[in-house]
Amino acid sequence: MARVELHEQSRLDRGWLKVMNYRRYYDFQWQQTGGKEHPYIAEKTKIFLDIIPHDVSTIIDVGCGDGAISNVFAPKHTVIGVDISQEGLKNLSAEALPVLSTVDYLPLKNNCADLALCSELLEHLPKDILMQAITEIKRISKRYILISVPNKENLRKRYTKCNVCGLEFHIYCHLMSFNLNKLARYFDGYTISYSTLCGALDGKTFDTISYLRNKLAKHFCIDTISTLCPKCGNIVSLSKPSLVRRAIGYSLFILQNTLNLLLNRKPEPDWLVVLFEKSKETQEKGDSGERTLLSDFVSYNQ
Ligand SMILES: [Zn+2]
């Protein structure tokens, strides 16, 4: 597919992204994991394949990362993958068009996608950017929007801590937590065509217990790959807590499991998948007030 230069209106490297080094964080993640198979992503992609309506031919994968999902759809659909990480986009197959852009100002025409796909992106956005992103996703989608977000995630559970600047942050940079009702409220003007849960079973936790494990036990999340602090750019390295702190952490862990048993709180799958369809009223309203961009699609020169 032909590549064209990045649109001058793109907000890449400006504003909110610069504040916290988010781009460096995601580039670092994709340098380590890009292109590698992930069984739960494969499971979710299979669900997407099953539920995507037959009248969909153009898909825009907003926050496509390394294109694990885009690449599956590209042979049979026209697929555009949008992401802020150039490292992620490098893994897109030749059949998909990469677009380097932030999600709050997509350099794409109104209604240019039969379906806007957004898998594990919304939870990474600050509240004000989230609202702009959803406006943009609605703007580019002609009819369908397919969303996947973590299901009722307790953010504190996956906090880690930078050993240089002391920032406590979600190890995957999640900033928002969703459930079905909350997600649906963001997509007013759309109806839910389908929803399901998928992914790994996630044990229930309590905010307070997770907080105490962080503060009293110095228990923080680690990953199988290295994590870059989005504030100072340090590669996080956690030292082992003292024996006393580990004992406190273990006691809190036992307390959490006991409460789960007593309250009959069972593990649930990690991810929520929802297919939205534009309601008739919203379709009839048309595109008034939406902006139009100069080019159909923009991309970056590798
Ligand atoms: Zn730091």
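**Close-up views of a predicted model**

**View 1. Contacts of Val62.** Val62 is in contact with Val82, Val103, Ala116, Leu117, Cys118, Leu121 and Ile137, leaving aside neighbours within four places in sequence. Contact here is a pair of C-beta atoms, placed from the backbone, within 7 Å. The model is predicted: local features need pLDDT of at least 70, side-chain atom pairs count only at pLDDT 80 or more, and totals for chains, interfaces and linings use all residues. Residues are numbered from 1 along each chain as its sequence is written.

**View 2. The largest nonpolar core.** This core holds 49 residues, of which Ile60, Val62, Ala116, Leu117 and Ile147 touch the most other members. Elements that each supply at least two residues include helix 3 (39-51), strand 1 (58-62) and helix 6 (127-140). Strand 9 gives the most, six residues. A nonpolar core joins buried Ala, Val, Leu, Ile, Met, Phe, Trp, Tyr and Cys residues through C-beta atoms within 7 Å. Helices (H or I, at least four residues) and strands (E, at least two) are DSSP runs, numbered from the N terminus.

**View 3. Cys221 in its loop.** Cys221 lies between helix 8 (207-215) and helix 9, in the loop. Cys221 counts as buried because 20 other C-beta atoms lie within 10 Å; the cut-off is 20 or more, with 12 or fewer for exposed and partly exposed in between. Not counting residues up to four places away in sequence, Cys221 touches Arg158, Tyr159, Thr160 and Ile171. The C-alpha atoms of Cys221 and Arg156 are separated by 9.5 Å, though the two are 65 residues apart along the chain.

**View 4. The end of helix 9.** Just after helix 9, Asn264 takes a positive phi of about 55°.

Note on methods
Contact = placed C-beta atoms within 7 Å.
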